[in-house]
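My entries follow in the order I made them.

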Amino acid sequence: MNSTLPIEKNKNKQNESKIKKRVTRIIIYTLLSLFALINVYPIIWMAINSFKSEQEFTVNQFGFPSKFNFENYANAWEIANLGVLFKNSIFICVTATVVTVIIGALASYFLARFHFKLNKVIYTFFIFGLLIPIHATLVPMFILMKNLGLLNTEITLLFPYIAFHLPITIFILTSFMRAFPKDIEESAIMDGAGIFRIFWSIILPMSRPAVATVIILNFIYNWNEFSFALVLINDPELQTLPLGLANFAGQFTTNYGAQMAGLTMSLVPIVIFYLLLEKEIVNGMTSGAVKG
């Protein structure tokens with residue numbers, strides 16, 4: 001009988017640990033579900049109200065529409081000229097994001113993997129860029145762009161977007177690339193690979209999670225940015241989505257139904273873009289290390 005007591009105690013401990021793990025898992029999943037619901041609810045509320053008429057929106061803002069009013073989407077497309085706005089936003093966001101990530105990745109590669117005299121100085125210079133309040137530079141940026149003759153052009157917004165997003169891009173990518181072992185590069189050099197071949201075939205694929213993160217951060221900020229677009233762009237044919245969506249608010253009235261429809265349509269590209277890159281944050285960390 002005595003020999004069975006330790007076995008029973010071990011079983012009881014195992015059962016207790018399993019119960020604790022289950023309870024902990026339930027609590028964590030419950031908290032995460034509540035957090036997700038809190039974040040998703042405004043989007044659902046916006047999408048539901050995009051189908052309501054003006055009268056129904058005024059009377060009942062939190063209920064389902066009695067009739068789905070798809071005219072709001074047609075009105076939103078015409079009032080805000082969303083076709084032109086989508087084209088401008090996609091061009092600005094994609095171009096600025098690609099240029100920022102390419103320059104940031106190259107700079108991060110040399111700052112993280114090479115040692116030279118000005119390494120820390122250059123890295124600190126970029127990090128100080130994170131401390132600059134972006135909107136405090138609106139007036140100097142306007143004066144600079146005016147003197148350069150770059151106001152109201154297709155590439156006007158590219159300069160501030162790229163400049164102000166390089167610090168966070170370099171900070172994230174440099175921190176990620178510094179964690180890679182030197183053995184990978186040494187073996188590649190022995191195989192005859194050059195600096196840029198190592199960067200393109202090994203370092204960059206291994207940095208896919210960090211690259212996906214900075215792409216998402218850059219794209220979402222550029223897509224939603226309003227202040228620089230408002231100050232630097234006056235031509236309606238060059239405006240981006242945030243500026244166009246502001247046209248729904250008049251001096252005395254606001255077309256809430258069309259505004260909700262326009263906001264819903266502007267949100268779709270961001271959601272799709274995030275879903276496409278979300279897997280890269282989890283997968284692909286060592287994809288470059290296993291390729292010959």
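**Helix 8 and its surroundings**

I began with helix 8, whose buried residues pack against helix 4 (82–113) and helix 9. The model is a predicted one, and I kept that in mind throughout. Helix 8 covers residues 182–190, and I noted Ile184, Glu185 and Ala188 as buried there. Viewed down the axis of helix 8, these buried residues fall within an arc of 95 degrees, so they line one face of the helix. On the face turned away from the buried side I found the exposed residues Asp183, Ile189 and Met190. Glycine 192 follows helix 8 and has a positive phi, near 95 degrees.

**Nonpolar surface patch**

Next I looked up a nonpolar patch on the surface. I listed Phe110, Phe116, Leu118, Val121, Ile122, Ile195 and Phe196 as its residues, with about 620 Å² of accessible area together. Helix 5 (119–128) and helix 9 (195–206) are the elements that give two or more residues to this patch. I then checked phenylalanine 196, which is in helix 9. Phenylalanine 196 has 54% relative accessibility and counts as exposed because the cut-off is over 50%.

**Serine 50**

Is serine 50 buried or exposed? I found it buried, at 0% relative accessibility. Serine 50 sits in the loop between helix 1 (4–49) and helix 2. The side chain of serine 50 reaches the backbone oxygen of alanine 47 at 2.5 Å. Setting aside neighbours within four places in sequence, I recorded contacts of serine 50 with Asn69, Asn72, Tyr73, Gly257, Met260, Ala261 and Thr264.

**Phenylalanine 62**

I turned to the loop between helix 2 (54–59) and helix 3 (71–79), where phenylalanine 62 lies. Its relative accessible area is 63%, so I put phenylalanine 62 down as exposed. Which residues does phenylalanine 62 contact, leaving aside its neighbours within four places in sequence? I have Tyr41, Trp45 and Lys52. For tryptophan 45 I also noted the C-alpha to C-alpha distance to phenylalanine 62, which is 7.2 Å, with the two residues 17 apart in sequence.

**Asparagine 152**

My last entry concerns a backbone angle. Most residues other than glycine have a negative phi. Asparagine 152 has a positive phi, near 55 degrees. I located asparagine 152 in the loop between helix 6 (138–147) and helix 7 (158–177). With a relative accessible area of 31%, asparagine 152 is partly exposed.

Definitions and conventions:
Residues numbered from 1 in each chain as written. Predicted model: local features only at pLDDT ≥ 70, side-chain atom pairs only at ≥ 80, totals over all residues. Heavy atoms only, no water. Patch = residues over 30% accessible without salt bridge, like charges linked within 9 Å, V, L, I, M, F, W, Y side chains within 5 Å. Areas by Shrake-Rupley, 256 points an atom, 1.4 Å probe, with all protein chains shown as cover. Salt bridge = Lys/Arg side-chain N within 4 Å of Asp/Glu carboxyl O. Helix = DSSP H or I, 4+ residues; strand = E, 2+ residues; numbered from the N terminus. Buried < 20%, exposed > 50% of the residue type's maximum accessible area, 1.4 Å probe, protein only. Contact = heavy atoms within 4.5 Å. Polar contact = N/O pair within 3.5 Å; in protein donor to acceptor, adjacent residues only side chain to side chain. Arc of directions from axis to C-beta.
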